[in-house]
Amino acid sequence: EDICSTLAHASSYFIDAWSLCGNQMDTSEVGNVLATLTFIAHCYVQDETCPLHIWHKHLFRKYCPLKTLNAAVIRLLQIRRFMLRLSNDDLASRYERLMKARTFVGRRPGLEVQAPTADDHRTA
């Protein structure tokens, strides 16, 4: 549910970024912008967040320096005019679609999602 809420926010934020500079982005850039917007949404939605330097270490290290990623976060916030809250209707619509997709994926053969067990942590 938290992931769906975060992704609902990020997908809405992406519309603004795309409308401003979508024509100038290749597919790699689109993915990185969406991942950066997911970080921003994660910070807005969650009480306890994972710091940007950790996101950088695991997702962006080969793409850009941390300083550049930080500047990209600020630029994306500027594009949103620092407004991260969504209207109730927009959030509800996006959240509902993501929750339905989550349920659908769990029903497709070969795409079952299982929670990790204690044994998984011991063998990792």
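Buried means under 20% relative accessible area, exposed over 50% and partly exposed in between, with a 1.4 Å probe and protein chains only. The model is predicted: local features need pLDDT of at least 70, side-chain atom pairs count only at pLDDT 80 or more, and totals for chains, interfaces and linings use all residues. Residues are numbered from 1 along each chain as its sequence is written, and side-chain values use heavy atoms, with hydrogens and water left out.

**Overall make-up**

- The chain has six helices and zero strands, where helices (H or I, at least four residues) and strands (E, at least two) are DSSP runs numbered from the N terminus.
- Along the sequence the pattern reads α-α-α-α-α-α.
- Of the chain's 124 residues, 29% count as buried.
- Among contacts with a separation of 6 or more, 65% join residues 24 or more positions apart; contact means heavy atoms within 4.5 Å.

**Packing of α1 and α2**

- Helix α1 (residues 2-21) packs on helix α2 (residues 27-45) at an angle of about 130 degrees, and their axes are 8 Å apart.
- Axes are lines fitted to C-alpha atoms, for helices over the stretch in contact, and angles run from 0 to 180 degrees between N-to-C directions.
- α1 and α2 are therefore oblique to each other; angles under 35 degrees count as roughly parallel, over 145 as roughly antiparallel, 65 to 115 as roughly perpendicular and the rest as oblique.
- The crossing of α1 past α2 is right-handed, that is, the near helix is turned clockwise from the far one by less than a right angle (anticlockwise for left-handed).
- On the α1 side the contact includes Tyr13, Phe14 and Trp18, and on the α2 side it includes Val33, Leu37 and Ile40.
- By class, this contact of α1 with α2 has 14 nonpolar, five polar and no charged residues; Ala, Val, Leu, Ile, Met, Phe, Trp, Tyr, Cys and Pro count as nonpolar, Asp, Glu, Lys and Arg as charged, and the others, Gly among them, as polar.

**Packing of α2 and α3**

- α2 and α3 pack at about 155 degrees, with their axes 12 Å apart.
- The two helices α2 and α3 are therefore roughly antiparallel, and α2 passes α3 in a right-handed crossing.
- Asn32, Ala35, Thr36, Thr38, Phe39 and His42 of α2 meet Leu52, Trp55 and Phe60 of α3.
- The contact of α2 with α3 has five nonpolar, four polar and no charged residues.

**Nonpolar core**

- The largest nonpolar core has 21 residues, and those with the most contacts inside it are Tyr13, Val33, Leu37, Phe39, Ile40, Val73 and Leu76.
- Elements giving two or more residues to this core are α1, α2, α3 (52-60) and α4 (66-79).
- Such a core is a set of buried Ala, Val, Leu, Ile, Met, Phe, Trp, Tyr and Cys residues joined through side-chain atoms within 4.5 Å.
- Apart from neighbours within four places in sequence, Val73 is in contact with Thr36, Phe39, Ile40 and Leu52.

**Individual residues**

- His56 lies in helix α3 and touches Arg61, Cys64, Pro65, Leu66 and Leu69, not counting residues up to four places away in sequence.
- Arg81, in the loop between α4 and α5 (88-107), has a positive phi of about 55 degrees although it is not a glycine.
- Arg81 counts as exposed, at 70% relative accessibility.
- Phe82, in the loop between α4 and α5, has a positive phi of about 60 degrees and is not a glycine either.
- Phe82 counts as exposed, at 53% relative accessibility.
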